[in-house]
Amino acid sequence: MSETLTRKRAAGLPVEAVDPGSPAARAGIRAGDRITAVAGDPVHDVLDYRFRSADGAHRVTLVRDDSERTVTVRSAAGDDPGIVFSEDLADRVHTCDNRCMFCFIHQMPKRMRRSLYLMDDDYRLSFMHGNYITLTNVSEEEFARIVEQRLSPLYVSVHATDPELRGRLLGRRGPEPILPRLRALAEGRVDVHAQIVLCPGVNDGEQLDRTLAELSDLHPAVSERRSGVLSTAIVPVGLTRNRDRLTRLSSADGAHAVATIQRVSSLARGYRRRLGTRFVWLSDEWYFLAGRTVPGRRHYEDFPQLEDGVGTVRLFLDDVRALQRRLPERVDHAVRATLVTAELAGSVVRDLADRLNAVEGVELNVCIVPNRFFGGGINIAGLLTAQDVQASLAAFPALDVVCLPSICLRDGELFLDDVTLIDFERELGRPVRVVGIRPSDLAAILGIAAPARSGGPKAARWRMEAPPGAA
């Protein structure tokens, strides 16, 4: 790392808890401490700490009560030191200086909470949480760190491999080649999952064919490297009504969705023969737009792009079928509830309600909430606001309990429009239950069926390799 980076004093990783009897506890580390360095090297995030402590015994510099001290954590190589951090980053989130023509944040209404306007392009959040990054805001020293610590996989917003077109899509002043960066990551044994936000008339058609062809050439089955571009997700551009002074774009309509499904399906069959994998998947929205049934489970292989909404509906439908086999004929106590959802998922949630209503004593109805706050083509539950939900429920024969999707809330308690769940429930005047994304979660919360065992594919969680020399 450069002198500039190593001289920079990290704010410190805040320690939330220390496991009793752990190596960290024996070293005297306590909750409330802030770890600033390991072996003299600044710690900028939890990745730094894990990488620099992977060899085993290590010196930790920490701040406690405004005084600095150094302790030695004695552990075997690869052992967990036993520290729980309250934050992943000791410094600020790395922000984005792109002006993407389709950026959702540039389409948001004004006067919302400041954190909603934060545009991150942080490679660490890509590795840890599956956030998509463009790699245009990664310095050479940060890129070297990605390879050194082998932060794999990364999730990269590609959009187009033509440098001129990619530069335009990202709002840059010149070309933005991505293939050299992706090749360098592959050579450094860092895998990539790619994303394309498809804008009709801009990066579809022949440009999409080129992008997928050039990305597929970086798959390990072709490049014969250990790492490379493993998968690509294609999502439709999301446009709100707040696009003042922004590039004119069109949303995908039904005909465009049908054509895109046909085009991508044909390409995927070729990749299957060439790479041993479909390689490219469409997000669930495309099938709703086209009026098509989402594909079966085998289509999604090991669900490599679950974080990008690829296959979530298939998992939902499979869970509905599994739940139906466990449903009782009747319930002991009457269950009367209204299920809240957005327009996109309305049909599948209605189908779930119909199946649960077959149980004697259960009465469910479904309130489908149009997104007036963002407008345009925004129709997913994760972008519903309290004010839109309240307005729809006020004009709807809501039943005793209102069930709200957990993805409407940040940390289970705050809507996008800064309304807390407590205030929402008070204003609504009836109990609200926040439910997870699985139908079996809903059935368990309402007491219709016992909780299901957790299972099925989950979004990949981050991993990192130990530094050279570690056991």
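**Exercise 1.** Determine how helix α8 and helix α10 are arranged relative to each other in this predicted model.

*Solution.* Two packed helices are described by the angle between their axes and the distance between the axes. Step 1: the axes of α8 (residues 205-216) and α10 (residues 254-275) come within 12 Å and cross at roughly 20 degrees. Helices are DSSP runs of H or I with at least four residues, strands are runs of E with at least two, and both are numbered from the N terminus. Axes are lines fitted to C-alpha atoms, for helices over the stretch in contact, with angles from 0 to 180 degrees between N-to-C directions. Step 2: α8 is therefore roughly parallel to α10 (angles under 35 degrees count as roughly parallel). Step 3: the contact (heavy atoms within 4.5 Å) involves G205, E206, L208, D209, L212, A213 and S216 of α8, together with R263, V264, L267, Y271, R274 and L275 of α10.

Residues are numbered from 1 along each chain as its sequence is written. Local features need pLDDT of at least 70, side-chain atom pairs count only at pLDDT 80 or more, and totals for chains, interfaces and linings use all residues, while side-chain values use heavy atoms, without hydrogens and water.

**Exercise 2.** State where the pLDDT stays under 50.

*Solution.* Step 1: pLDDT is the predictor's confidence in each residue, from 0 to 100. Step 2: the chain has a mean pLDDT of 89, and 92% of its residues reach 70 or more. Step 3: the value stays under 50 over residues 1-10, which have 19 contacts beyond four places in sequence. Over residues 461-471 the pLDDT is also below 50.

Conventions: Angles under 35 degrees count as roughly parallel, over 145 as roughly antiparallel, 65 to 115 as roughly perpendicular and the rest as oblique.
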